[in-house]
Amino acid sequence: MARITSSVYTSHVPAVGAALDLGKTAEPYWAKVFSGYEFSKEWERQQRPDVIFLVYNDHASAFSLEIIPTFAIGTAAEFNPADEGWGPRPVPKVIGHPELASHIAQSVIQDDFDLTIVNRMDVDHGLTVPLSLMFGQPQAWPCPVVPFAVNVVQYPVPSGRRCFMLGQAIRKAIESFDEPLNVQVWGTGGMSHQLQGPRAGLINAEWDNRFLDRLIEDPDGLSKVPHIEYVREAGSEGIELVMWLIARGAMSDIAGGPKPKVVHRFYHVPASNTAVGHLILENP
Ligand code: DHB
Ligand code: FE
């Protein structure tokens, strides 16, 4: 059977992708951001995942106000980097895993979660920047990825509670897939940031670090935080953090297993207008 071995959490700041693509990673401003991912890249070389289930949000690249799926699973064989206005990022195309994705769709929909099935979709910085942070600049990404897009851009957005419960259904789905795959579940986006309006540039380091503490120790309690607290305390785009609860809900301890091991934690301000947070949890 497939097994979820770990979960990875990271911000997906687009300027981080641009810094990589334009060869600016050694500049002092960016070196501090990338230093938090040196451990992670080495860890990934050892972990050698077979598939990544990657929870992210689309930023009006694949979807627009015409179609707003709350939860969308990518079942295609491949996904191209999206053109977000400056041409697609010069990164490898993303290879999907249609069999696992279809199995997850079947299981999770029968478990009463409504998913939109997407057979064709470009993937934006929400998905490609985390891949770059964790794997650097390879010729090809080291494994297939199942993209899972969550609407956190256009209201109404799903609650943290819903995301946490969905993560539990995703765990059940992955661990009933009849192939011995090493699967990682990633939750991306965040941390505190607001990109527009009078509060643009808002950062709340204390709230962010408390979020990280609770994600590790008290995910059930954290999942009950209402969306308005994210917006008030972490800025309008801080709501992206509900996606981390999907990955956390997929860990073994939520289904009665032992607590995960914290193998890496990183927090840094600023990157662009954003606080960068990063966490890796392993199932024992
Ligand atoms: C920015 C955009 C994002 O989608 C995000 O999550 C963080 C920062 C930005 O434009 O700076
Ligand atoms: Fe974002």
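Tutor: Happy to! This is a predicted model, and ligand 1 sits in the largest pocket.

Student: How much space lies in the largest pocket?

Tutor: About 770 Å³.

Student: And which residues lie nearest its centre?

Tutor: Those are Pro-14, His-59, Glu-84, Trp-86 and His-125, out of 33 residues that line the largest pocket.

Student: Where does the largest share of the lining come from?

Tutor: From helix H1, residues 14-21, which gives five residues to the lining.

Student: How does the lining divide into nonpolar, polar and charged residues?

Tutor: There are 15 nonpolar, 13 polar and five charged residues in the lining of the largest pocket.

Student: Okay, on to the ligand. What surrounds ligand 1?

Tutor: Around ligand 1 you'll find His-12, Pro-14, His-59, His-125, His-193, Leu-195, Glu-240, Ser-272, Asn-273 and Thr-274. That shell divides into two nonpolar, seven polar and one charged residue.

Student: What about His-12, how far is a polar side-chain atom of it from an oxygen atom of the ligand?

Tutor: That distance is 2.8 Å. For His-125, a side-chain N or O atom is likewise 2.8 Å from an oxygen atom of ligand 1. In Ser-272, a side-chain N or O atom lies 2.9 Å from an oxygen atom of ligand 1.

Student: And how much of the ligand's accessible area does the protein cover?

Tutor: The protein covers 86% of the 290 Å² that ligand 1 has on its own.

Definitions and conventions:
Residues numbered from 1 in each chain as written. Chains lettered and ligands numbered in written order. Predicted model: local features only at pLDDT ≥ 70, side-chain atom pairs only at ≥ 80, totals over all residues. Heavy atoms only, no water. Near = heavy atom within 4 Å. Polar contact = N/O pair within 3.5 Å; in protein donor to acceptor, adjacent residues only side chain to side chain. Areas by Shrake-Rupley, 256 points an atom, 1.4 Å probe, with all protein chains shown as cover. 1 Å grid on protein atoms, 1.4 Å probe; cavity = no way out; pocket = protein on both sides within 12 Å on 5 of 7 lines; lining within 4 Å. Sits in = over half its atoms within 2 Å of the grid points. Nonpolar A, V, L, I, M, F, W, Y, C, P; charged D, E, K, R; others polar. Points joined across faces, edges and corners; volume = space filled by probe spheres on them. Helix = DSSP H or I, 4+ residues; strand = E, 2+ residues; numbered from the N terminus.
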